[in-house]
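Biologist: Could you take me through one part of this model slowly, starting from a single side chain on its outside and following whatever connects to it? I would be glad of the cut-offs as you go.

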Amino acid sequence: MTVANPVHQRLCLYLRTVASSLYTVWLFTANDLQTIIAPSAIFGITNALAALIAGSTENSTQYLYIIQQIPTTICWVWINLLPLTINNQRSPSSIAEDAINKPWRALPSKRLSSAQAKRLMLGFYAVALAYSCFYSGGCRQSIGLIFLGTWYNSYGAGDRNFVVRNIINALGYLCFNSGAVEVALGPKLATLEDKRSLQLWCLVVTGIVLTTMQVQDMGDQEGDAKRGRLTLPLAIGDETARWSIALPMPVWGILCPLLAGVGFGMTAVSCVLAVAVAVRLFLWKDAASDQRTFLVWNCWMSVVYMMPLLRRYA
């Protein structure tokens with residue numbers, strides 16, 4: 001009979017504990033991979049490249065630097081998103097909502113308690129600030145996200161008024177996108193010849209979020225109602241809320257390519273995806289379909305994010 005090695009047993013137990021803890025942390029942001037992490041990283045990298053290409057000098061070394069910044073940029077987005085999502089998910093009302101909409105998350109699945117989540121949140125806020133201010137860049141945006149996340153979650157600003165909710169969401173996207181660009185550019189940000197175009201594109205994206213972000217609320221109405229959160233579809237009715245998204249989508253679908261100066265190909269892609277969002281809102285109205293519509297919206301947003309880089313090629 002083989003006798004188990006105590007050291008080997010402790011090592012296996014330690015590794016299982018570490019893996020379980022990492023998985024628990026990941027669950028807080030798993031739902032945001034396609035909505036915040038990947039799109040914001042795409043915005044940061046592609047617009048950093050576009051800003052360099054718009055400059056007067058062609059320098060492949062500068063472009064290589066941006067490519068090398070991809071892991072740092074993704075890490076910046078994720079480490080700043082993590083404490084916000086923990087704060088968003090740790091209240092009793094959030095846990096009750098997630099028990100309906102997303103029961104696999106860390107708190108409704110009882111992988112850790114609300115008190116443990118609070119300690120985790122505070123620790124990662126400190127890590128995000130340190131990473132942003134002393135290593136990667138994007139310090140102002142990191143501070144802004146802490147303020148917006150606290151206002152939205154701890155003080156319920158995202159629950160009581162759908163207009164304030166959309167404003168906070170739009171400012172949050174602005175922080176994530178502009179911060180990702182700063183991290184991607186690093187010290188090259190100070191030498192950019194045309195910062196105004198970059199700033200204007202950040203504002204265009206913020207305008208899109210401000211006017212259409214309620215698309216994310218369409219599939220969560222049951223959980224939001226249980227929580228008492230006054231999102232736009234619950235405040236003005238499901239049908240009216242769908243029109244509030246469907247009407248501006250084709251407008252943005254045409255306007256963004258015109259502002260970016262891209263060709264027919266990218267304009268067609270933008271219009272098709274924007275119209276697809278509008279059409280899906282009325283053809284498929286169940287919660288699962290609304291969540292897929294939100295993913296189509298995010299795909300369209302990723303296309304919009306890349307337009308300044310692709311203006312030379314599409």
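Modeller: Let's begin with Leu 11, which sits in helix α1, residues 6-29; helices here are DSSP runs of H or I with at least four residues, strands are runs of E with at least two, and both are numbered from the N terminus. The model is predicted, so local features need pLDDT of at least 70 and side-chain atom pairs count only at pLDDT 80 or more, while totals for chains, interfaces and linings use all residues. Residues are numbered from 1 along each chain as its sequence is written, and side-chain values use heavy atoms, with hydrogens and water left out.

Leu 11 is partly exposed, because its relative accessible area is 46%; buried means under 20%, exposed over 50%, and partly exposed in between, with a 1.4 Å probe and protein chains only. Together with Tyr 14, Leu 15, Val 18 and Leu 22, Leu 11 forms a nonpolar surface patch with about 500 Å² of accessible area. Areas come from the Shrake-Rupley method with a 1.4 Å probe, and for residues only the protein chains shown count as cover. Patch members have over 30% relative accessible area and no salt bridge; nonpolar side chains (Val, Leu, Ile, Met, Phe, Trp, Tyr) are joined within 5 Å, like charges within 9 Å. A salt bridge is a side-chain nitrogen of Lys or Arg within 4 Å of a carboxyl oxygen of Asp or Glu.

In α6 (residues 114-136) the buried residues include Met 121, Phe 124, Tyr 125 and Tyr 131. After α6 comes Gly 137, with a positive phi near 105°.

That brings us to α7, where Phe 147 and Trp 151 are 4 residues apart and therefore separated by about one helical turn. Their rings form a tilted aromatic pair, 6.1 Å centre to centre with 35° between the planes. Rings of Phe, Tyr and Trp (its six-membered ring) pair if their centres lie within 6.5 Å; planes under 30 degrees apart count as stacked, over 60 as edge-to-face, and the rest as tilted. Phe 147 is exposed at 54% relative accessible area, whereas Trp 151 is partly exposed at 34%.
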